[in-house]
Amino acid sequence: MSLYVQSGAFRRHTPETKRNYATDICLFLAFLWARGLAWTQAVERDLEDFEHWRRFAAENPRLIGGSKWNRELAALVGLYAWAARAGHVPRSPVGTRQVLGPYGAVVSAPVARAKDARRSNVHWLTPRAFRRWVEVGLRGQGGGGLPLPGWCGRLEDRNVAFVDLLYSSGMRRSEAGSLLLFEVPRLRLEGGRYCVGRIAAAVTRSKKARTFYVAAGVVGEIETYVDSSRALAVRRAQRAGRYEDLPRLRVVTDVAGGVRPTVRWLDHNGAAGERRLTDLTVADRMALYTEGPHGLEPLWLWLNERGLPLAVDSWEGVFRTANDRCRQVLTPAGGPFPDPHRVYAPYATAHACRNSFALFMLVVLNHLMDRRFGLTPEERRDFRLLYGDPWRMVQDLLGHASRETTCDLYLAPVADLQLRALLAAAPDASEPGLASLDGVFARLARESEGIQDVDDLMMPAVGGAA
């Protein structure tokens, strides 16, 4: 097992995948050990029994769904494929069959793969539902918009700035959570409502750098956090000497700008190193420090109370605590089982903020398109029918077999110019002045599954009860 986690196949996984797969494999090993079997003795029947226990057994109080089972199965596929190649097992207990892949190629797929798996647990929050979640879950408010007794506001400015960044920009948790101080956007688009920044390739899922946009007000929240509670945490850590004896320390000496920004540093032995900014991984970024006026301080934007970089995974605890608080404060009293089809307490995750950003931008950009060009619904439909023709003509001129290549690579600057023009007049996702669109979002929430909205009629009553 130690050889497997040191293998190239396992080491190429992301840290999150490594952690998940290790947990999944340990669970299967415990199942085998309860049967008196070593992991090398497993056969297909053992895997069938394991699947039955995990997914269908009436005696199991915590059954899992198809998506979770497919992840566990993928962990076992990787383990036993490596073990079979290395000669540790005669054959894998994971049965496979030949199927037609997405691009016409014949590939092997596990027989036990669940067919009822959902690709993701997608849900959204409308702008007013998100604001309610932030007010109650992160700001400790109850009825009347005032903090409830006992609320101390610990790390409130940091947490609110982070979730507002996710909701306003659509960034993933790992992308927003690994920002460095000098990567906070400062360049504003025309109109001043949005700032533009750049996400490094190494922290994205696709390993491709991209541009992101974030509301100027959210950038202001981040700057306030940097100048207040973050600065206080850094000063306390400096006084306690927490930065001098870190096992991995890289003191940045220069950040060369230009087309290929490069970060140069000295490690704790005085050895010089450098890497392109876009190639810095999450682990690399957590090790970067700079000489401040009072000594060493981290370049990692988000810090914990001890003044050390806050791990990306630690944000799960922030969301979990906020969700628990919303449930305690907003769930109405008077019965053990409230109506399950109504949203009393908004529930958010980091990825829900990303989904909600996409929903918000879809509605707002359509609204702005209609307002800017003065299109009626009929004209908008005709415009969309005609809009596809130029893309096909350019595709033919360039000789691309794939329309996606034309759109994603060659016409991306044109699409970016159109987006910039619209964003110059776009409102902030967290801006209270979106009352004109609240009705649109409310209708979407009523007619679509997974979109969380709040009921205006019950909000005062809930607040009073809280």
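This report looks at one helix and at the surroundings of one arginine in a predicted model.

Helix α6 covers residues 127–138, and its twelve residues, at 1.5 Å a residue, should span 16 Å, which agrees with the 16 Å that separates its end C-alpha atoms. Eleven of the twelve residues of α6 are buried, so the helix is largely enclosed by the rest of the structure. Among these buried residues are Arg 128, Arg 131 and Arg 132, together with Phe 130 and Trp 133. Just after α6, Gly 140 takes a positive phi of about 70 degrees.

Arg 354 is buried and yet has no salt bridge, because a salt bridge needs a side-chain nitrogen of Lys or Arg within 4 Å of a carboxyl oxygen of Asp or Glu, whereas the nearest side chain of opposite charge, that of Glu 175, is 4.5 Å away. Leaving aside residues up to four places away in sequence, Arg 354 touches Gly 170, Met 171, Arg 172 and Arg 210.

Tyr 213 counts as buried because its relative accessibility is 9%, which is under the 20% cut-off.

The distances around these residues are set out here.

| Pair | Distance |
|---|---|
| Arg 354 and Glu 175, side chains | 4.5 Å |
| Arg 354, side-chain polar atom, and Gly 170, backbone oxygen | 2.6 Å |

Definitions and conventions:
Residues numbered from 1 in each chain as written. Predicted model: local features only at pLDDT ≥ 70, side-chain atom pairs only at ≥ 80, totals over all residues. Heavy atoms only, no water. Helix = DSSP H or I, 4+ residues; strand = E, 2+ residues; numbered from the N terminus. Expected span 1.5 Å × (residues − 1). Buried < 20%, exposed > 50% of the residue type's maximum accessible area, 1.4 Å probe, protein only. Lys, Arg positive; Asp, Glu negative; His and termini not counted. Polar contact = N/O pair within 3.5 Å; in protein donor to acceptor, adjacent residues only side chain to side chain. Contact = heavy atoms within 4.5 Å.
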